[in-house]
Amino acid sequence: LEAGGEWAGAWAALGVTEFCDVPTVENAAPEGLCDPVPYGAGCQPRCAAGFVPSASVATCTRGVLTPVSCKAKPCVPLGFSCLEGPVVQSGRQCTLQCAEGRAVAAAVACDHGGWVP
């Protein structure tokens, strides 16, 4: 596959003419998951705000880009503890925990990396 536009010219100057298709991925960054990826190279996937890539690198191998998805960013409690543990997935609740290990009658929810009441 050939990349179009200015990418093709820049890579062609280096002798690179074959690229992997970069798929459209739900919740990818507005500019796309990756720029065109030449055979044998990789890219650092980009996701929209509040989402994180399922892998830190997507590699173009034999014309196929490593599958990557963008998933909701989890929350990490800072300055407080959650009964549910040190990481809370987006859409889940954190029951606030007292220093002695007892739960208080309050909770917050994780929403794409941020806490909401």
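**View 1. Cys47 and Cys70 are joined by a disulfide, with an S to S distance of 2.1 Å.** In this predicted model, the link of Cys47 and Cys70 is left-handed, with -80° about the S-S bond. Cys47 lies in the loop between strand E3 (42–43) and strand E4 (51–53), whereas Cys70 belongs to strand E7 (residues 70–72), so the pair ties together parts that are 23 residues apart in sequence. Cys47 is buried, its relative accessible area being 16%, and Cys70, at 9% relative accessibility, also counts as buried.

**View 2. A disulfide connects Cys75 with Cys110, again with an S to S distance of 2.1 Å.** Cys75 sits in the loop between E7 and strand E8 (81–82) and Cys110 in strand E10 (residues 103–111), so this pair ties together parts that are 35 residues apart in sequence. The link of Cys75 and Cys110 is right-handed, with 85° about the S-S bond. Cys75 is buried, with a relative accessible area of 0%, and Cys110 counts as buried at 3% relative accessibility.

**View 3. Cys82 and Cys94 form a disulfide in which the sulfur atoms are 1.9 Å apart.** The pair links distant parts of the chain, with Cys82 in strand E8 and Cys94 in strand E9 (residues 93–97), 12 residues apart. The torsion about the S-S bond of Cys82 and Cys94 is about -100°, so the disulfide is left-handed. Cys82 and Cys94 are both buried.

**View 4. The structure as a whole holds five disulfides.** When the bonded cysteines of the protein are numbered in sequence order, the pairing reads 1-5, 2-3, 4-6, 7-10, 8-9.

Methods. Residues are numbered from 1 along each chain as its sequence is written. This is a predicted model: local features need pLDDT of at least 70, side-chain atom pairs count only at pLDDT 80 or more; totals for chains, interfaces and linings use all residues. Side-chain values use heavy atoms; hydrogens and water are left out. A disulfide is a pair of cysteine sulfur atoms within 2.5 Å. Helices (H or I, at least four residues) and strands (E, at least two) are DSSP runs, numbered from the N terminus. Buried means under 20% relative accessible area, exposed over 50%, partly exposed in between (1.4 Å probe, protein chains only).
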